[in-house]
Amino acid sequence: MSGTGVVSMDHVLVALGETKEEREVRIRSLFNFFDAANNGYLDYAQIEAGLSALQIPPEYKYARELCEVCDANSDGRVEYHEFRRYMDDKELELYRIFQSIDVEHDGTILPEELYEALLKAGIEMNDEELAHFVEHVDKDNNGIITFEEWRDFLLLYPHEATIENIYHHWERVCLVDIGEQAVIPEGISKHVNRSKYFLAGGIAGGISRTATAPLDRLKVVLQVQSEPASIMPAVTKIWKQDGLLGFFREPGPLVQLGCGTISGAVGATCVYPLQVIRTRYNAVSITVVSLFFPKEMME
């Protein structure tokens with residue numbers, strides 16, 4: 001069918017090579033996987049436990065969002081019919097965007113088609129990154145992405161499946177932040193102006209330095225006093241001598257901001273390679289289908 005036609009569940013079934021009965025078994029099996037306690041419903045704790053059992057690191061789990069989007073009546077429980085409705089809506093949504101990328105309409109996404117779709121969305125990837133993207137989604141390693149592979153990659157992604165969101169989801173999965181320090185993933189650094197990160201670090205450093213300047217000024221005054229140090233007299237002395245600006249003397253706020261900008265940029269430049277190495281070392285690839293639909297589950 002063309003990318004502009006009306007999409008129905010029949011199109012999804014054809015693309016997946018499933019009957020309605022087979023699809024029902026698949027969805028029920030996935031629901032039962034999460035409902036390990038046989039409660040007949042899912043809640044946040046069960047979804048969180050299910051994702052953890054699938055060894056999906058917490059950095060890119062969407063348990064709470066998934067629970068909320070499935071829970072149509074907002075009672076804190078996801079009944080099977082609500083879970084089934086989510087699956088219907090998500091697979092239709094994923095098929096629509098799959099069709100929009102598959103410009104040849106041959107039932108597969110070629111790397112060049114994915115590249116063009118990303119480029120139209122303002123996201124430019126080099127050949128290595130594109131190959132990494134395709135490799136992560138392409139389970140059988142034949143160099144193309146089928147709808148089944150596309151669905152498995154995004155099935156439990158609860159947000160709208162725009163090309164921008166899909167790209168950022170891939171980054172989150174493949175170039176994940178590790179630890180308490182925020183890392184600039186390689187993909188982001190190549191597609192977003194890196195100077196923004198340096199500027200942000202500089203501004204943060206400048207603001208921080210300006211905020212602590214009065215305390216530093218007070219500390220210096222107390223240290224050089226010959227008589228016993230006392231805070232309030234020192235504060236009064238600074239105020240009487242120079243007013244408010246006295247708390248920001250040597251250096252002033254603009255100098256502090258400049259120094260903060262430089263120190264932030266230098267710090268980010270020096271630390272960035274080490275953070276990338278750590279990120280790459282800890283990065284984990286996740287393929288939803290191999291986790292959610294093992295052969296023994298369907299037999």
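A word on the ground rules: residues are numbered from 1 along each chain as its sequence is written, and side-chain values use heavy atoms, with hydrogens and water left out. Because this is a predicted model, local features need pLDDT of at least 70 and side-chain atom pairs count only at pLDDT 80 or more, while totals for chains, interfaces and linings use all residues.

The protein has 15 helices and 4 strands, these being DSSP runs numbered from the N terminus, with H or I over at least four residues for helices and E over at least two for strands. Of its 299 residues, 39% count as buried, where buried means under 20% relative accessible area, exposed over 50%, and partly exposed in between, using a 1.4 Å probe and protein chains only.

Let me begin with helix H3, residues 44–53, whose buried residues are Gln46, Ile47, Gly50 and Leu51. Seen down the axis of H3, these fall within an arc of 130°, so they line one face of the helix; the arc is that of the directions from the helix axis to the C-beta atoms. The face turned away from that buried side carries the exposed residues Ala45 and Ala53.

Next come helix H7, residues 127–137, and helix H8, residues 147–154, whose axes come within 9 Å and cross at roughly 90°. That makes H7 roughly perpendicular to H8, a label given to angles of 65 to 115 degrees. Phe133, His136 and Val137 in H7 meet Glu149, Trp150 and Phe153 in H8, contact meaning heavy atoms within 4.5 Å.

Finally, two loop residues: Ser74, between helix H4 and strand S2, has a positive phi of about 55° although it is not a glycine, and it is exposed at a relative accessible area of 62%. Asn141, in the loop between H7 and strand S4, also has a positive phi of about 55° without being a glycine, and at 60% relative accessibility Asn141 counts as exposed.

Technical notes. Axes fitted to C-alpha atoms, helices over the stretch in contact; angles between N-to-C directions. Parallel < 35°, antiparallel > 145°, perpendicular 65-115°, else oblique.
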